[in-house]
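Here is a friendly walk through one protein model. Have the sequence and the 3D view open as you read.

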Amino acid sequence: MACNDPTDYYTLCDELRRSLEKERAKSAALSDIVRLLLDRISENSLDLVDEKMGDVAGEALGVMLAGNTALTTLGLDKNLLGDRAGVALATSLATNTTIKDLGLNDNRLGDVAGTALANALTSNRTLTVLTLDDNLLGNAAGIALAKALTSNTALQVLTLGNNRLEDAAGAALAAALATNTSLTKLSLFGNQLGDVTGTALGTALASNTILEKLTLERNQFGDETGKALAMSLARNKTLTTLRMKNNKMSEAVKEELREAAQGSKVLLFL
């Protein structure tokens, strides 16, 4: 039975209770989800931030969401969710048509979950905000998300800060920006991205007409990146904010980037 009535939250909780009993009857954490749903749901938003649910409860919640048509905002930050929960959430997201904002910051999601979420984005046409900061996502997840961005036309905000992304993923994400038509904010702070990614971003920004905010702080970007970005700002007409603090550019190139940002009226944090 699907939770098809957006106002019938007790029906939603009853469905979840049955799923929990069937899947993990012995886990005390699962029964808590029903209580949390009753306590935390507000109109079309469900805030379960910092409940430390873990994989078992997270997986059950993911299964429940497949047929739910009530929620538009779901906050799951700081819940110790791993790949099993991530895959379950991704599976539901592939067919869910109401959730617009999904927060998964500060969990334990790795490449398996990241790739599953990316696959979901290839068919999902509703989600506009996906936050994945402070997880364990590596190159496989980054490359998969980049591929998804080449076809997804709904997602507007993607945050991937403090993960394990390297240039293979960074360059792929940059290439996706060249053709993506919806993303307005991309955050890649605190990864292991260098000039390969930086120069690719410069190339992408020269033709991108959608992205407004780009966060690249605390990476390994050097002078090649600074020069590439400076050149791209002369052609880009949509970027409004560029965050580049704590990288490895020389003072001379920083000044070059400042001048380019000033000329393009881009708010630069350097």
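## The nonpolar core

How many residues does the largest nonpolar core have, and which of them have the most contacts inside it? This is a predicted model, in which local features need pLDDT of at least 70 and side-chain atom pairs count only at pLDDT 80 or more, while totals for chains, interfaces and linings use all residues. Residues are numbered from 1 along each chain as its sequence is written, and side-chain values use heavy atoms, leaving out hydrogens and water.

The core has 67 residues, and Leu-76, Leu-102, Leu-104, Leu-130, Leu-132, Leu-160 and Leu-216 have the most contacts inside it. At least two core residues come from each of helix 3 (54–64), helix 4 (83–93), helix 5 (111–121), helix 6 (139–149), helix 7 (167–177), helix 8 (195–207), helix 9 (223–233) and helix 10 (251–264). A nonpolar core here is a set of buried Ala, Val, Leu, Ile, Met, Phe, Trp, Tyr and Cys residues joined through side-chain atoms within 4.5 Å. Buried means under 20% relative accessible area, exposed over 50%, and partly exposed in between (1.4 Å probe, protein chains only).

Take Leu-216: beyond its neighbours within four places in sequence, its contacts (heavy atoms within 4.5 Å) include Leu-188, Phe-189, Leu-201, Phe-221, Leu-229 and Leu-242. Arg-243, Met-244 and Asn-247 are also in contact with Leu-216.

## Two helices side by side

Helix 5 and helix 6 pack at an angle of about 5°, with their axes 8 Å apart. They are therefore roughly parallel to each other, a label for angles under 35 degrees. The axes are lines fitted to C-alpha atoms over the stretch in contact, with angles from 0 to 180 degrees between N-to-C directions.

Helix 5 contributes Asp-111, Gly-114, Thr-115, Ala-118 and Leu-121 to this contact, and helix 6 contributes Asn-139, Ala-140, Ala-141, Ala-144, Leu-145 and Ala-148.

## Two lysines with positive phi

Most residues other than glycine have a negative phi. Lys-78, however, has a phi near 55°, and Lys-265 has one near 60°.

Lys-78 sits in the loop between strand 3 (73–75) and helix 4, and is partly exposed at 42% relative accessibility. Lys-265 is in the loop between helix 10 and strand 10 (267–269), and is exposed at 76%.

## The whole protein

The secondary structure comes to 10 helices and 10 strands, taken from DSSP runs (H or I, at least four residues, for helices; E, at least two, for strands) numbered from the N terminus. Of the 270 residues, 52% are buried.

Note on methods
Parallel < 35°, antiparallel > 145°, perpendicular 65-115°, else oblique.
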